[in-house]
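Okay, thanks for coming, everyone. Let me put the model up, and then I'll walk you through a few places in it.

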Amino acid sequence: MLTRLTDKPKKTLSKSERTIRKEKTVSFVVLFIVTILWMLPLIYMVGTSFKSDYDLQTNPSGLFPSAGQWTLAHYKSFLSADSDAKIFYWLGNSLWSTLLHVGLTVLLDLLTAYVLVFLNFKGKEKFVKLLYLWMAVPGVIGTAPMFAIFAAIRNGLEISSDAGSYAYIFFWIVMPGVSGIFNMLLMRNFFLSIPRDIVDSARSDGASNFKIFTKIIVPLARSTIMLIVLFTFTGSWNSLNWPQLIFSGEAQKWWTVTIGLTKFTDSQAAAAATGVAMATSVFAMLPIIIVFLFTQSKMIDGLASTGIKA
Amino acid sequence: MKKIKWIALLCVTILCLTFVFAGCIDPNAGNDDDDDKVITEKWWEDTGELSFNSEGKVKYSNITIKLATVVSGEDKDTFKSIIDDFNREYKGRIAIDSEDIGQANFESTVAQRISTKNKAPDLIMSHQKGHKYFVENKIIQPFSKDLMEQSKISIDMNDYSAGLSRYSSLGYKDELFSIPCDAQSMVVFYNKTLLEEIGKELPTNHQELLDVCQAFVERKGTSPIAWPAANQNNHWYNYVFTTAIMQNGGKLYDESTKKADWTSEPNKTAMTKAIQSIRDLVASEGVVKYAPFNDKTSDDSSQLEFVDNKALFYVYFPWRIESLESLYKTRNNVQDVTDIIGTTSVANWFAMDSSSADAGKIFVDSHFFAMSKLVTDVSKKAAIMEFIKWFTQRTDVCKKWASTGHITACKLVGDTDEYKNDAYCQRYLNNFYPDIDNLVSMGLTSHYNTVLSHIKTLGYETLSNTAADIESKLASIQKSFNDEIAMNK
Amino acid sequence: MNNLELMQREMRKSKRRKNAVGYALLAPYVLIFLFFSVIPCLMGFVFSFMQYNPIDSSKNMFVGFYNYAHLFDFTNSVSLKFWKSFATMFLFDIVMVPTLIIIPLTLAYLINLHPPGYKFYRAVIYLPSVISVSVMGIVFSKLFAGDELGFFNALFGTNIKWLSGKPFENDILRWVVIFIASVWWQTGTNFVILSGALRNVPKSLYEACEMDGGSRLQGILHVTLPNIKSSVGICLFNTLIGYLGLYGQPYVLHAVENSIDQEIVSPMMFIQYYLKNASFVNMTGYICAAAIVFGLIVMVFGTIERKVMGERKRTDKYSAAYKQSKQDVEWGLSLKGPAQDIQSVGGANNVNSIN
């Protein structure tokens, strides 16, 4: 009798179990194929960077160099001292400017969202409305005039030193976009969802705004901060349009990685140096991957310690 | 409330109407493009006074001149060494601080720097094509005739190549804005042994060129002409295609309106002939073409064709000579190439009418010197003129500069035996540029970018598809050309 | 003075102080926002009614609707380039944008079934999104090089000229390459967002559907899709705006012949071409007008998209986004591979905040 009772549910389970298993197999097969295809370009890139020049000409369809044709020559060519190793400058420029951009964005968003949510002052709501409206305006409208402003202020300041010029140009790389509305509103929405009683009780305990901000709000906001960090990091690292405009005519050592690598697609001569192009690309990818590996572990710790539930 | 609304509506309507009326006026009417303008308001200054030494020459004390030069390729080192020579000779008096800026961004970079007064150079040495653009945007100032008299440093345009010096006024009557220095274009290296093998002589006109090519194809089965792929970096369009147009009497743009006039005679026939002459080479009958068009994707592979004795002619820039000769020596295991590699020019190659006066024209780009508008001290101005005179009129300097393939634009030097008999000139330059009066350059248009990009489109459209109708292409590309110029005044 | 008035005065003072504090702390944001976002846009608006030369200011003059008249003059070759570029980009977007929703959605659905090794697949699919666009360009221009040295040409023994041709004539292969490259490069982002959204559809709803005798397909239609609507809306918005501003991919995967007509295949490239090149300085006002017209078109698309996805109150969308994003991050963090961040597609942030 008992077995009979347990028989029935067993049957229904196994039916959906079978469907699930079928689906899992289908999904496994599809995803496996997709993953192989996805990895292809990257494998090609890495493999080609080790191919000797001779192999590049004679074995173009191989993902990996043929036997005996492995070489580090391409890496050496741009890493060695006499090629003035521009890649390091590019990576350096990209890294510090992106990190600064991200840091400023997060700080500004935290501060401004806090002010908009937890402080009261006249015109607060109107300002938020204005921001929502302005979000619809695409940034492309401002590119040409911003370029004109950039040049005009440079004229006014009459910067003569190299360091000054560098600082000025990177000011214009880092700052635009720090006040991105989307990110700030994201933060604001998160703050709006924090239960007011936490803040109110802290206030009634006599905590200053600053204390509330640092001790309560910021730790809670970890996940949104992560989100904004991730949104802005790749946006800034990858930006092509605006840096291209303001770097034209400047020393190559000042470029960012994304602009520097366009040399390989722009000029046919550089593009013909396949091995070097691939090696440089692989090398340029490494820091991003490393940065993400590092921040990932910190994020898991951070999230676990604040106890934010799913 | 209603009254306010009506007033507001009225204001808005008036505003809109002003916008519409403003929009109907052509802002460029009255912007005449003639080349005989007179300067009404100076945009530069003169400060200070000249001091003279006991010999009556101008005394300079530690003047530094920032020079921005477009020379940044294989000829860079020779240029640097020439600058070092000058600095040594004028030690304590004038020092040249030279910076090279690549050709791609030169005009925009220098214009920006001078107009924002940020790292602005004092002296510019760049391709002639950009100089009209400089003067139109008030980036450069003229060399004052008064100052020349005062300082006794005179530079007379009659001493320079006629073809180039006529651009020196940049369209301003009696003013001297730019001083020509040298010229360079694509030149021809040929294989003497192979030429003998097919029993031919160097072609002196287009038909002979075709005959030589045909003989080579029949004998060797490979393309006789190796030149860089047209899509490489625009050099082919900027030098070879333009030369073909010049040799057939064509005009890139009408000199008075600056617009392209390719569809009215006689220019239409000229342009058509030019395209036809190139088609004779890239679309010749038979499986093996006389010359490739877009087939090769690398600059170096065309060089390889010549060096591996598969091509008879190699068309490239003269500063390739050294690497070409050493590459030939290595690959063919020979010690001396003087009897193997010969030199000639593209003159008469494309002219369909070999008796025309234009047949020998070569389109070059020429380095010109110009002075930034920001220089005010007259001693500095005199120093600049002294340097220019030294660079362009000293025979030993010109000989050194010639060793990288730049022929002098100054007749005072070019006509001397010393220059003509210089080993390098004898072997190369005299053959590369048989007549410096026949050198033509972009001329007096500030829209050099539009000219070059449309010439490229014209060349590409008519040569990659050799059955394309030339007349309609001329018309459509000309329209695009003129529209762009109209927008950009 | 009685107590009431004293109290009122105190209240006003503290209110003013509160206001002062609020304004002071808000100031940094406002200043940066004004200087980098508002002022350039307003100036762009002004310049579009002028003939503006940033180098030689003596040539500046007010010209009213002149620039706009030229922009809408379809016989003008320069304006025609603008509109043609708009057409090429739009045609491409019609294909691209839905693909960048459907493919990630399908992959996300499959991943959520947790087949063996799913964590690895997630990482691999996401990985290309962190690569810079120029790296993507280098790799794909070599994979699809037009000569015999290109990977695919060598593999199949063909000599297909992938990256060449003129828009509307014979460059369909180039767009195929750009399509493939973009799918590879940008699926990851939407994939992550949609995967998180799928995971958060309450399982109980599926069970209820099954109880009602619904098939798998009905489950998808009636349970899954409605519940992930807000996430799909966000992905769609970001992708759409990002691809209206198409620039990077066609730039790095340019046609080998390199002629101007082939270069300008999207409005952003049109604007960038005439801005970059110093000899076109006199056209700055005209370019500003083109940018404004383009901006208006983008705004129209954005509004249509929001209406279609049924987002009426903006607040809702962002709390939805916030909720979604919170879940996404938590999901993302569960990945062990390098792919655990969430980014916006194609620099959608570039639209709202000039990067």
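So, to start: where is the place of B:Gly286? B:Gly286 sits in the loop between helix H10 (267–282) and helix H11 (299–307) of chain B; helices here are DSSP runs of H or I with at least four residues, strands are E runs of at least two, and both are numbered from the N terminus. B:Gly286 counts as partly exposed because its relative accessibility is 47%, where under 20% relative accessible area is buried, over 50% is exposed, and partly exposed is in between (1.4 Å probe, protein chains only). From B:Gly286 to B:Val217 you go 69 residues in sequence, but 9.2 Å in space, C-alpha to C-alpha.

Quick housekeeping. This is a predicted model, with local features needing pLDDT of at least 70 and side-chain atom pairs counting only at pLDDT 80 or more, while totals for chains, interfaces and linings use all residues. Residues are numbered from 1 along each chain as its sequence is written, chains are lettered from A and ligands numbered from 1 in the order in which they are written, and side-chain values use heavy atoms, with hydrogens and water left out.

Now chain B as a whole. It's divided into domain 1 (63–184 + 365–439) and domain 2 (187–362 + 447–487), with bounds from an automatic or database domain assignment. Their C-alpha centres are 28 Å apart. In contact, meaning heavy atoms within 4.5 Å, are 22 residues of domain 1 of chain B and 22 residues of domain 2 of chain B. The two bury about 1900 Å² between them, 58% of it on carbon and sulfur atoms; that's the accessible area (1.4 Å probe) two parts lose on being put together, summed over both.

How many salt bridges are there between those domains? The count is one, a salt bridge being a side-chain nitrogen of Lys or Arg within 4 Å of a carboxyl oxygen of Asp or Glu. There are also eight residue pairs in polar contact across that interface (both at pLDDT 80 or more), a polar contact being N or O atoms within 3.5 Å; within protein, one must be able to donate a hydrogen and the other to accept it, and residues adjacent in sequence count only if both atoms are side-chain atoms. On the domain 1 side, helix H17 (residues 423–432) of chain B gives the largest share, five residues.

While we're in chain B, look at B:Thr392, in helix H13 (residues 378–393). B:Thr392 counts as buried because its relative accessibility is 0%. Its side chain makes a polar contact with the side chain of B:Tyr160 at 2.8 Å, and also reaches the backbone oxygen of B:Ile388 at 2.8 Å. Leaving out residues up to four places away in sequence, B:Thr392 touches several others, including B:Phe369 and B:Cys410.

Over to chain A: domain 1 (15–71) and domain 2 (85–306), with C-alpha centres 34 Å apart. Seven residues of domain 1 of chain A contact seven of domain 2 of chain A. The area buried there is about 550 Å², with carbon and sulfur atoms giving 90%. The rule finds zero salt bridges across it.

Last stop, chain A against chain B. Here 14 residues of chain A are in contact with eleven of chain B, and about 1100 Å² is buried, 39% of it on carbon and sulfur atoms.
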